[in-house]
Amino acid sequence: MKVIAALLVIAIAITWPVSQYQLNAANNKPAHYKNKVIVLMYHHIDMKESGATISPSRFGTHMKLLKENGYNVISVEQFMDFMQNKGKVPDNAVVITFDDGYESFNLYAVPILKKNNFVATHFIIGASSDKQNVHTKHLSWDTMRKLKAEGFSFYSHTYNQHDYVPLDKKGHKKGPMLTNQIYLKDKGRVETKKEYTARVAADAQLMEKRLKEELNNTRQMIAFPFGAFNSTAKQLEKNAGVALFFTTHPGINRPGSDEVFRLNAGTPALTANKFLKMMKKYG
């Protein structure tokens, strides 16, 4: 009987297309959710962990656990089709995302992702890649073009709205640039609603222009800085062509929404056991 069973498994593997075989027997792990997608969020990877920075080792463990536990990593483009009711996803579907556009993605994450045959998308800050004037090195457009040819993708984290700034003269009150009328030091006042709208609209248009110029992007998505957004900012991004909006709210995603839940996996507090527990919580 054991010989017959073994021959049957081999026959199935040969008869089915490889992708279908993997889809139905991913590491012999049963599906714990169907027609839903978990989106993971990471930021920076470095040997020294802190805040939203995790080590290459920890990231590698997360990817290994995904593979060993029957999760199917899909591209953000396949996910977008799913959310817009234009396509299906495998059981236990997962999307891997990064925010901020750090060079550490190329240095540490990409080799680990390739080792596991995974893809990921990165939401970049346009000004940081254009100017390279920040302390932590950001991805260059040349690097992104190379990675895009290898299956990775890059979308908006705004062009230059990723900051907490003063909202009053004394600077006691601060908030995300994307969702607030900020204090204009040179004018000695808070910007008007009209000025706020013009600023956010111009940033959205510029970012989408740069992504098309440098990467020839045909799809448009954004991850809101700090997860902060309001109806005005969302509409202005829509006006610039953006169709899918990534938040920092935890949850699992079902088709039909243009707002995306994400689970924060990029924290040093997430041990291997806690990572799996987080994944199993949703389904």
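Biologist: Which residue stands opposite Ala93 in strand 5?
Modeller: Asn72 stands opposite Ala93 of strand 5. Strands here are DSSP runs of E with at least two residues, helices are runs of H or I with at least four, and both are numbered from the N terminus. This is a predicted model, in which local features need pLDDT of at least 70 and side-chain atom pairs count only at pLDDT 80 or more, while totals for chains, interfaces and linings use all residues. Residues are numbered from 1 along each chain as its sequence is written, and side-chain values use heavy atoms, with hydrogens and water left out.

Biologist: In what sense do strand 4 and strand 5 pair?
Modeller: Strand 4 (residues 72-73) pairs with strand 5 in the parallel sense, over two bridges. Two strands pair if DSSP finds at least two bridges between them.

Biologist: How many bridges join strand 1 to strand 5?
Modeller: Six bridges join strand 1 (residues 37-42) to strand 5, and these strands run parallel. Val39 has Val95 of strand 5 as its bridge partner.

Biologist: And how many join strand 5 to strand 6?
Modeller: Four bridges join strand 5 to strand 6 (residues 121-124), again parallel. There, Asp99 stands opposite Phe123 of strand 6. The chain passes from strand 5 through helix 5 (residues 104-115) to strand 6 in a right-handed β-α-β crossover. Right-handed means that, with the strands pointing away from the viewer, the path from the first strand over the helix to the second runs clockwise.

Biologist: How many residues of strand 5 are buried?
Modeller: Eight of the eight residues in strand 5 (residues 93-100) are buried, that is, under 20% relative accessible area with a 1.4 Å probe, protein chains only.

Biologist: Which residues have the most contacts inside the largest nonpolar core?
Modeller: They are Leu40, Leu66, Ile96 and Phe105, in a core of 42 residues. Such a core is a set of buried Ala, Val, Leu, Ile, Met, Phe, Trp, Tyr and Cys residues joined through side-chain atoms within 4.5 Å. Helix 5 gives the most to this core, with five residues.

Biologist: Changing topic, where does Asp203 lie?
Modeller: Asp203 lies in helix 8 (residues 193-215). Asp203 is in contact (heavy atoms within 4.5 Å) with Thr158, Tyr159, Asn160 and Gln161, leaving aside neighbours within four places in sequence.

Methods. Buried means under 20% relative accessible area, exposed over 50%, partly exposed in between (1.4 Å probe, protein chains only).
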